[in-house]
Amino acid sequence: MKTWITIIFCGLLISTHASAGIVEEKGCGSCHRLHPEDTEKSFTAPDLYYAGNKFQPKWLKQFLRNPEVIRPAGFITDSGLSQTENLSKHPSFTKDEANALADNLMDFKISKPSPIASEPLSKGLRSKIKYQFERTFGCISCHQSLNLAGKVRGGISGPSLVNAGNRLQAEWVSDWLNTPEAYMVKGRMPRYKMDPTTLGQFTQFIMTLKKEKIK
Ligand code: HEC
Ligand code: HEC
């Protein structure tokens, strides 16, 4: 009887250990914050503890095989230092590893962002929001985006939004614009008070930004 209990107990220990997951095993936590409660340490890369809320799995798989630069001016740490060193040489992985990492990352979730109410934009409405994105709100002073000719333009103090429609989840974008403090205590992006309709339209607009449209 006692031996059985010991065997079962050891089995449980092994399975708990295995569930730590490939993201922890591969040492991603040396640069990225993987647990929200890890606020003591300063990290040199973006937080990943809500990766399952933020990213599209297909993009993650692609990025981990073939990393691209998202923050051309570097990642700004909690203490305000710019970290540019690792941008162009992000660790890359084989197809199988990338898929396993991405699947594991999709389990990293915090509160569930609320579904967005808005429909995809008509052509006319898209032009209107594009104007607001560029002129009224000046989002492109900090973010790269695509102009009408399909050319990359815009500032580099924020993450590039050129491929946001393939990279980010719509619900997360909407939640970020509405309550950035849920994801970042000391965010550097101005807080916009958008009414729910504008918020939905901006989210839909951001989801139309795709790399395939670069000319
Ligand atoms: C040596 C430090 C370092 C290690 C180790 C590292 N990363 Fe990164 N990672 C970065 C930096 C810096 C960026 C920001 C790149 C950019 O914005 O262009 C980044 C970006 C990312 C992004 C995009 C995040 C976002 O918000 O745009 C993902 C996803 C990611 N890393 C996953 C991983 C995974 C999974 C691992 C482990 C297998 C890992 N990283 C290991 C430094 C690292
Ligand atoms: C003053 C510069 C600035 C302006 C203006 C600005 N942002 Fe940002 N934005 C940032 C920074 C910086 C971040 C990254 C988070 C951080 O470091 O605080 C960010 C993050 C984002 C993200 C998340 C991207 C990611 O990959 O994490 C989205 C989406 C976004 N901004 C959309 C917008 C929209 C839409 C507007 C206009 C309504 C806008 N931003 C205006 C600086 C700016």
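Colleague: Which element gives the largest share of the shell around ligand 1?

Modeller: This is a predicted model. In it, 26 residues surround ligand 1, the closest being Cys28, Cys31, Ala45, Pro46 and Arg71. Both α4 (57-65) and α5 (95-105) supply at least two residues of that shell. The largest share, 3 residues, comes from α4.

Colleague: How many charged residues does the shell around ligand 2 have?

Modeller: The shell around ligand 2 holds 20 residues, and the closest are Cys139, Cys142, Gly158, Gly187 and Met189. The elements giving two or more residues to this shell are α8 (170-178) and α9 (196-207). By class there are 13 nonpolar and 6 polar residues, and the number of charged ones is 1.

Colleague: Are α6 and α9 roughly parallel or roughly perpendicular to each other?

Modeller: The axes of α6 and α9 lie 10 Å apart and meet at an angle of about 95°. Angles of 65 to 115 degrees count as roughly perpendicular. The two helices α6 and α9 are therefore roughly perpendicular.

Colleague: How many residues of the contact of α6 with α9 are nonpolar?

Modeller: From α6 the contact takes Leu125, Arg126, Ile129, Lys130 and Phe133, and from α9 it takes Gln201, Phe202 and Phe205. Of the residues in this contact, 2 are charged and 1 is polar, while the nonpolar ones number 5.

Colleague: Which residue just after α6 takes a positive phi?

Modeller: Helix α6 covers residues 123-136 and reaches 19 Å from its first C-alpha to its last, close to the 20 Å expected. Just after α6, a positive phi of about 60° is taken by Gly138.

Definitions and conventions
Residues are numbered from 1 along each chain as its sequence is written. Chains are lettered from A and ligands numbered from 1 in the order in which they are written. This is a predicted model: local features need pLDDT of at least 70, side-chain atom pairs count only at pLDDT 80 or more; totals for chains, interfaces and linings use all residues. Helices (H or I, at least four residues) and strands (E, at least two) are DSSP runs, numbered from the N terminus. The expected span of a helix is 1.5 Å times one less than its number of residues. A residue is near a molecule or strand if its C-beta atom, placed from the backbone, lies within 6 Å of it. Ala, Val, Leu, Ile, Met, Phe, Trp, Tyr, Cys and Pro count as nonpolar, Asp, Glu, Lys and Arg as charged, and the others, Gly among them, as polar. Axes are lines fitted to C-alpha atoms, for helices over the stretch in contact, and angles run from 0 to 180 degrees between N-to-C directions. Angles under 35 degrees count as roughly parallel, over 145 as roughly antiparallel, 65 to 115 as roughly perpendicular and the rest as oblique. Two residues are in contact if their C-beta atoms, placed from the backbone, lie within 7 Å.
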